[in-house]
Amino acid sequence: KATTAPSTKAAPVTKAAPKTTGAKPQPEKALKAAKVQMKGTHTKKAHKIWKVTHFFRPRTVELRRAPKYARRSVVTGAPRLDEYSILKFPLTTESSMKKIEDNNTLVFIVDLTATKKQIAAAVKRLYGVSAAKVNTLVRPDGQKKAYVRLQPDHDALDVANKIGII
């Protein structure tokens, strides 16, 4: 009987397939990604069930304005009233002359937006006399008239001469 002796040659080593550690084969992964891409993000979403009768608008972010250009050419505020724009001109009517002589009062047409304190300050700065009282009224033609009564130590007749009314 012929017996075969074990060969001393080692069997050829073949490479084993790489072990997969839970990763899907590449074609399946690519197909799934393509399917998700085709479907998009338009999936059905469950609607919220309201259990209360009141709806409070959610507070969202209110961003500050960042304009690309100025909407107005002049960015500064409204022009301020100075003493020359507050007092427009003195009145030289007969009744205003009578006020100057009898009541120590000067009569001016003033800016419509000027206050009594601004009028008194403007008279003090322009003519150097302090006002005891200021009365104002808006005439039917839309102009504001101011009666500026001077302190007893100042004479309205002298101020009127200095202004050039008399």
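**Close-up 1. Strands β1 and β2 are joined side by side.** Strands β1 and β2 run antiparallel and are joined by 3 bridges; two strands count as paired if DSSP finds at least two bridges between them. Within this pair, Leu87 stands opposite Val110 in β2. Helices (H or I, at least four residues) and strands (E, at least two) are DSSP runs, numbered from the N terminus. Please keep in mind that this is a predicted model, in which local features need pLDDT of at least 70 and side-chain atom pairs count only at pLDDT 80 or more, while totals for chains, interfaces and linings use all residues. Residues are numbered from 1 along each chain as its sequence is written, and side-chain values use heavy atoms, with hydrogens and water left out.

**Close-up 2. The sheet is open, with 4 strands in the order β1-β2-β4-β3.** The pairing in this sheet is antiparallel. In general, strands of a sheet pair through backbone hydrogen bonds, either parallel or antiparallel. Which strands stand at the edges? They are β1 (87-90) and β3 (131-138), each with a single partner strand, so one side of each is left without a neighbour in the sheet. On average, neighbouring strands are turned by 30° against each other, direction ignored; axes here are lines fitted to C-alpha atoms, for helices over the stretch in contact, and angles run from 0 to 180 degrees between N-to-C directions.

**Close-up 3. Strand β2 is largely enclosed by the rest of the structure.** This is so because 6 of the 6 residues of β2 are buried, where buried means under 20% relative accessible area, exposed over 50% and partly exposed in between (1.4 Å probe, protein chains only). Thr105, Val107 and Ile109 point one way from the strand, whereas Leu106, Phe108 and Val110 point the other way. Val107 has Tyr147 as its bridge partner in β4, and Thr105 has Arg149.

**Close-up 4. Two helices lie across the sheet strands.** Helix α3 lies across β2 and β4 and runs at about 145° to β2. Helix α5 lies across β1, β2 and β4, and its angle to β2 is about 45°.

**Close-up 5. Thr105 and Asn104 sit where α3 gives way to β2.** Asn104 has its place in the loop between α3 and β2. Its phi is near 55°, a positive value in a residue other than glycine. Asn104 counts as buried, at 16% relative accessibility. Thr105 lies in strand β2 and is buried too, at 6% relative accessibility. What does the side chain of Thr105 reach? The backbone oxygen of Asn103, at 3.0 Å. Leaving aside neighbours within four places in sequence, Thr105 is in contact (heavy atoms within 4.5 Å) with Lys99, Ile100, Tyr147, Val148, Arg149 and Ala156.

**Close-up 6. Lys145 is a buried lysine in strand β4.** The relative accessible area of Lys145 is 16%. A polar contact of 3.3 Å joins the side chains of Lys145 and Tyr147. Such a contact is a pair of N or O atoms within 3.5 Å; within protein, one must be able to donate a hydrogen and the other to accept it, and residues adjacent in sequence count only if both atoms are side-chain atoms. Not counting residues up to four places away in sequence, Lys145 touches Leu91, Val107, Phe108, Ile109, Asn135, Thr136, Leu137 and Arg139. Lys145 and Leu112 are 33 residues apart in sequence, and their C-alpha atoms are 8.7 Å apart in space.

**Close-up 7. The largest nonpolar core holds 21 residues.** A nonpolar core is a set of buried Ala, Val, Leu, Ile, Met, Phe, Trp, Tyr and Cys residues joined through side-chain atoms within 4.5 Å. Which members touch the most others? They are Leu87, Leu106, Phe108 and Ile119. The elements giving two or more residues are α3 (94-103), β2 (105-110), α4 (116-127), β4 (144-150) and α5 (156-163). Helix α4 gives the largest share, 4 residues. Leu87 touches residues including Phe108, Ile119, Ala122 and Leu126, not counting residues up to four places away in sequence.
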